[in-house]
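Please read them with the structure open.

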Amino acid sequence: MAQSYRRSRWSNALFILPYMTVFLALLVFPLFWGMWLSLNKTDLFGGARFIGLKNYARVFSDPVFGQAVWNTVVFVLISVPTLVALGLFLSLALNRTTRASTWLRGLFFSSTVLSVTIVTLIWRFVFIPGDGLLALLFDKMGWEQIGFLSAEGWSLFSVGVATVWWCLGLPMMLFLAALQQIPADLYEAAALDNASRWRVLTRITLPSIKSTIVLVAIVQIVMQFQLFGQAQLMTNGGPAGSSRPIVLYIFDTSFIRWDVGMGTAASEVLFLIILLAAMVQYWVTSRKGEA
């Protein structure tokens, strides 16, 4: 009996073996290998030499890295609440079974399936000075053109607009799925009590999808801290590094300057920042829910 039970357990383990193989090869091993590389002086051609925490000291003393961290944090603080709020608003507006709602859901979600190259190309046509869509609109209105991609006050904003347009579909669909799981009995009882729309929203809808709001916020925090393609293709981190995120700094350090050890140290710092931000978001939201 015991031998049959052990055989059954091993056969069940075979079902998770493909996933565990991919998980270990693509996530666990690179994580620990990155930690080791961050403690070494190395480049793309090998020849690692152990130097301890000197790479981390170089990263934290680099003003370019400090600027990249600031840019990324500002970007996340603006883009994540915008994505959550707009995604929730669209899901509430389109949570209907009409043909128009179905068509609009597909329209808003369609941008999500585009590659970052296509997204940045579209928005460069909008923001580029001279012949861009906004430039032509400003000329028609008699306004002075704005260098959205070349001005320090506007470059990160332009990247944020493109990112929100690109990523909005996922939060909307997650919120829609959560809204459709709310029992209709709750809304029928609220209608019998003549509850206002605001009261229904704050007392029934939002509490019922609280876990989804937390999930969307954490997913977007993780995604937006990894900002790279939009900034590289739209502004290349400029002007004067005003739109350079942490991942672009890591890319430049590792593959342009060939300082893999320092670039890996910066990536480990980014990993800790993302982990800390996600934990803080979860803790704050949980505390609000308990209160």
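1. Asn236 counts as exposed, at 54% relative accessibility. Exposed means over 50% relative accessible area, buried means under 20%, and partly exposed lies in between, with a 1.4 Å probe and protein chains only. Asn236 sits in the loop between helix 12 and helix 13, and its phi is near 55 degrees, a positive value in a residue other than glycine. Most residues other than glycine have a negative phi, and most peptide bonds are trans.

2. This is a predicted model, in which local features need pLDDT of at least 70 and side-chain atom pairs count only at pLDDT 80 or more, while totals for chains, interfaces and linings use all residues. Residues are numbered from 1 along each chain as its sequence is written, and side-chain values use heavy atoms, with hydrogens and water left out.

3. The loop that holds Asn236 also contains Pro239, between helix 12 (229–234) and helix 13. The peptide bond from Gly238 to Pro239 is cis, with omega near -5 degrees. Both features deserve a look on the display.

4. Which other residue has a positive phi near 55 degrees without being glycine? That is Asn194, placed in the loop between helix 9 (184–192) and helix 10. Asn194 is exposed, with a relative accessible area of 69%.

5. On the overall fold, the protein has 14 helices and 2 strands. Helices (H or I, at least four residues) and strands (E, at least two) are DSSP runs, numbered from the N terminus. The radius of gyration is 24 Å, whereas a compact globule of 291 residues would have a value near 19 Å. That radius is taken over C-alpha atoms, and the globule rule is 2.2 Å times the number of residues to the power 0.38. Along the principal axes, the C-alpha trace spans about 85 × 75 × 35 Å.

6. How much of the protein is buried? Of its 291 residues, 36% count as buried. The protein exposes about 17,700 Å², and carbon and sulfur atoms supply 69% of this area. Accessible areas come from the Shrake-Rupley method with a 1.4 Å probe; for residues, only the protein chains shown count as cover.

7. The largest nonpolar core has 29 residues, of which Phe65 and Ile209 touch the most other members. Helix 2 (54–60), helix 3 (63–93), helix 8 (169–179), helix 10 (197–208), helix 11 (210–225), helix 13 (246–256) and helix 14 (260–290) each supply at least two residues of this core. A nonpolar core is a set of buried Ala, Val, Leu, Ile, Met, Phe, Trp, Tyr and Cys residues joined through side-chain atoms within 4.5 Å. A second, separate core of 23 residues includes Val119, Phe148, Val164 and Trp166.

8. What does Ile209 touch, leaving aside neighbours within four places in sequence? Ile209 is in contact with Leu88, Phe175, Ala178, Leu179 and Ile182. Contact means heavy atoms within 4.5 Å. Across the protein, 68% of contacts between residues at least 6 apart in sequence join residues at least 24 apart.

9. Not counting residues up to four places away in sequence, Thr163 touches Phe75, Gln224, Leu227 and Gln230.

10. Ala277 lies in helix 14 and counts as partly exposed, at 21% relative accessibility. Its contacts, again not counting residues up to four places away in sequence, are Ile221 and Phe225.

11. Leu104, in helix 4 (residues 99–110), has a relative accessible area of 28%. Leu104 and Leu94 are 10 residues apart in sequence and 7.6 Å apart in space, C-alpha to C-alpha. Val22, in helix 1 (residues 2–37), is at 46% relative accessibility. From Val22 to Val216 the C-alpha distance is 25 Å, and the two are 194 residues apart in sequence.

12. On charge, the mean positions of the 20 positive and 13 negative charges are 11 Å apart. Lys and Arg count as positive and Asp and Glu as negative, while His and the chain ends are not counted. The place of a charge is NZ of Lys, CZ of Arg, CG of Asp or CD of Glu.
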